[in-house]
Amino acid sequence: MASADIAAAPVHSGKARVNKHKADWRGWKFMWPFAVVFVFVFIVPIVYAVYISFFKKQMIGGTKFVGFENYVRLLGDGQFWSSVGRVALFTCVQVPIMLCLSALMALALDSMKLHGTKFFRISTFLPYAVPAVVSTLIWGFVYGAKYGLVGSLNDFLGTDIDVLAPSVLLASIGNIVTWEFTGYNMLIFYSSLSTIPHSLYEAASIDGCNRFSAFLRIFVPIALPGVVVCAIFSFLYAWGDLAYGMTFIQDQVNRPITAGIFNFMGQYGTKWSYLTAFAVVTIIPVALIFIFMQKYIISGLTAGAVKG
């Protein structure tokens, strides 16, 4: 009986039990180099800019804490809202045109009826690979009313066209942005189209759908994340554009929001507190987009990565 009890008794090993719920911090050993750089390059400057925006430097009395005074002053500045309105107008007109062109080009590639698809794909994507400085120089020469291509056409036709006039300047910049980003957006649309089997289009044609109705009923619901991604990236580019706004728009009053930040850098000094408040306000829409639209951005960028 005693031997049976001894045999039935549980055997405890000398090894300590492993706590499965214990946190494993080994992964942070690989993360800390990136985390340190991220904090000091990204987080610290933003926090410091927010901190400076609550102060005001005065000739008498030095630096003074003013709370939200800089933000109230900024939100009541008509020049700030006019720059926001120009960006909104530019986005509402240029982005739909560019997305329609990108969708049509993607459909042409996916139709398998287009000859020279490789050349077409590379040539349409090539403008996106051109640096902004180079494209600014190229289009500055094209738009030049005296010595550029437009000037040569004016001499040949006897006209006086100036595409850099303030009344049509946004349209001219929109043409540059469309030339630069249509191929990039086309590839995103094309990756979404590659996930759609052509048998669906054949079934839709048998049911009586033409190409356009099949596009609305099949392509649009599937490619909606890609459309959202292209619209978001186009808005972010228009919101943060600096090269074209600083180069082609000489009048400070008509500059977009990012280029308008240079209005606070005067000949006799820089209004750092007001400038940082301006920068913080311009960051807020970008941060909100990335916080609340992550799902659409990820699904749109990964569309076409896996078939089936």
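Me: Is tyrosine 71 buried or exposed in this predicted model?

Reply: Burial is read from relative accessible area, and a residue under 20% counts as buried. Tyrosine 71 has a relative accessible area of 12%, so it is buried.

Me: With which residue does tyrosine 71 form an aromatic pair, and how is that pair arranged?

Reply: An aromatic pair is described by the distance between ring centres and the angle between ring planes. Tyrosine 71 pairs with phenylalanine 68 at 6.1 Å centre to centre, and with 50° between the planes the pair is tilted. Phenylalanine 68 has a relative accessibility of 57% and therefore counts as exposed, whereas tyrosine 71 is buried.

Me: How are tyrosine 128 and tyrosine 184 arranged as a pair?

Reply: Planes under 30 degrees apart count as stacked. The rings of tyrosine 128 and tyrosine 184 are stacked, with 20° between the planes and 4.6 Å from centre to centre. This pair joins distant parts of the chain, since tyrosine 128 belongs to helix 5 (residues 117-129) and tyrosine 184 to helix 8, 56 residues apart. Tyrosine 128 is partly exposed at 33% relative accessible area, while tyrosine 184 is buried at 19%.

Me: Which residues do ring pairs link into a cluster?

Reply: The cluster consists of Phe125, Tyr128, Phe181, Tyr184 and Tyr237. In total, 17 aromatic pairs are counted.

Me: Which residue lies over the face of tyrosine 274?

Reply: Arginine 73 does, at 4.1 Å from the ring centre.

Me: Where is threonine 178 found, and what does its side chain reach?

Reply: Threonine 178 is in helix 8 (residues 169-193). Its side chain reaches the backbone oxygen of glycine 174 at 2.7 Å. With a relative accessible area of 13%, threonine 178 is buried. Leaving aside neighbours within four places in sequence, threonine 178 is in contact with Gln94, Met98 and Leu101.

Me: How many helices and strands does the protein have, and what share of its residues is buried?

Reply: The protein has 13 helices and 4 strands. Of its 308 residues, 33% are buried. Among contacts with a separation of 6 or more, 65% are between residues 24 or more positions apart.

Terms used: Residues numbered from 1 in each chain as written. Predicted model: local features only at pLDDT ≥ 70, side-chain atom pairs only at ≥ 80, totals over all residues. Heavy atoms only, no water. Helix = DSSP H or I, 4+ residues; strand = E, 2+ residues; numbered from the N terminus. Buried < 20%, exposed > 50% of the residue type's maximum accessible area, 1.4 Å probe, protein only. Contact = heavy atoms within 4.5 Å. Polar contact = N/O pair within 3.5 Å; in protein donor to acceptor, adjacent residues only side chain to side chain. Phe/Tyr/Trp six-rings, centres within 6.5 Å; stacked < 30°, edge-to-face > 60°. Lys NZ or Arg CZ within 6 Å of the ring centre and 35° of its normal.
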